[in-house]
Amino acid sequence: MAGKSFFIDTTKCTGCRGCQAACKQWNQNPGTKTTQRGTYQNPADLSAATFKLVRFSEETAASGEPRWYFFPDQCRHCLYPLCKMEADKKAPGAVTLDTKTRAVIFDPAVKMSPEAFKGIREICPFDIPRHDAKTGGMSKCTMCFDRISAGLLPACVKSCPTGTMNFGDRDAILKMA
């Protein structure tokens, strides 16, 4: 299937959060007040203003050494987005699928009730969509649709210093993976 895809090589992620900062900056999303909760991960979760989040997990190896795992979390832009199928029933026009890139795009101008949004979020297998209580719309990663339409890489991929974040034609990404 044609389109664009992300590939995240978690073995290379150092948790620098450059992708997270680049996403906020490109999308002109406000900073999020955070607090120290005993984890490297901040903020605590995705939100209407945080489309990308580097999740952090720490465990102890059998040797007693700490082992850290970082996972850059964002919308996966599914080939068959369940969020769109549900939104078509509950909030028509809230989610579109670009046929060329396969970007799953949310229209934040389409208002919906918290109940309608709950069904859309619950059907996402990755728990990605977020409801903006101020606007009544939904938000999530945009695949930097404006950037890729201009032949540029998504901001998160462009900013990644370790090669963790990769983006391109789906067939090439599948070969890389």
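Which residue takes a positive phi in the hairpin of β2 and β3? Glycine 64 does, near 95°.

The model is predicted: local features need pLDDT of at least 70 and side-chain atom pairs pLDDT 80 or more, while totals for chains, interfaces and linings use all residues. Residues are numbered from 1 along each chain as its sequence is written, and side-chain values use heavy atoms, without hydrogens and water.

View 1. Strands β2 (residues 53–60) and β3 (residues 66–73) run antiparallel, joined by 8 bridges. Strands are DSSP E runs of at least two residues, helices H or I runs of at least four, both numbered from the N terminus. Two strands pair if DSSP finds at least two bridges between them. Serine 57 stands opposite tyrosine 69 in β3. The hairpin has 5 residues between the strands.

**View 2. Two faces of helix α3.** Ala116, Phe117, Gly119 and Ile120 are the buried residues of α3 (residues 114–123). Buried means under 20% relative accessible area, exposed over 50%, partly exposed in between (1.4 Å probe, protein chains only). Down the axis of α3, the buried residues fall within an arc of 160°, so they line one face. The arc is taken from the directions from helix axis to C-beta atoms. The face turned away carries exposed Pro114, Glu115, Lys118 and Glu122. Cover over the buried residues includes α2 (82–90), β6 (130–131) and β7 (138–139), with contact meaning heavy atoms within 4.5 Å.

View 3. The whole structure holds 0 disulfides (cysteine sulfur pairs within 2.5 Å). Cysteine 75 is buried at 9% relative accessibility. Its closest cysteine sulfur, in cysteine 141, is 5.8 Å away, too far for a bond. Cysteine 124 is buried at 14%. Its sulfur is 6.2 Å from the closest cysteine sulfur, in cysteine 78, also too far.
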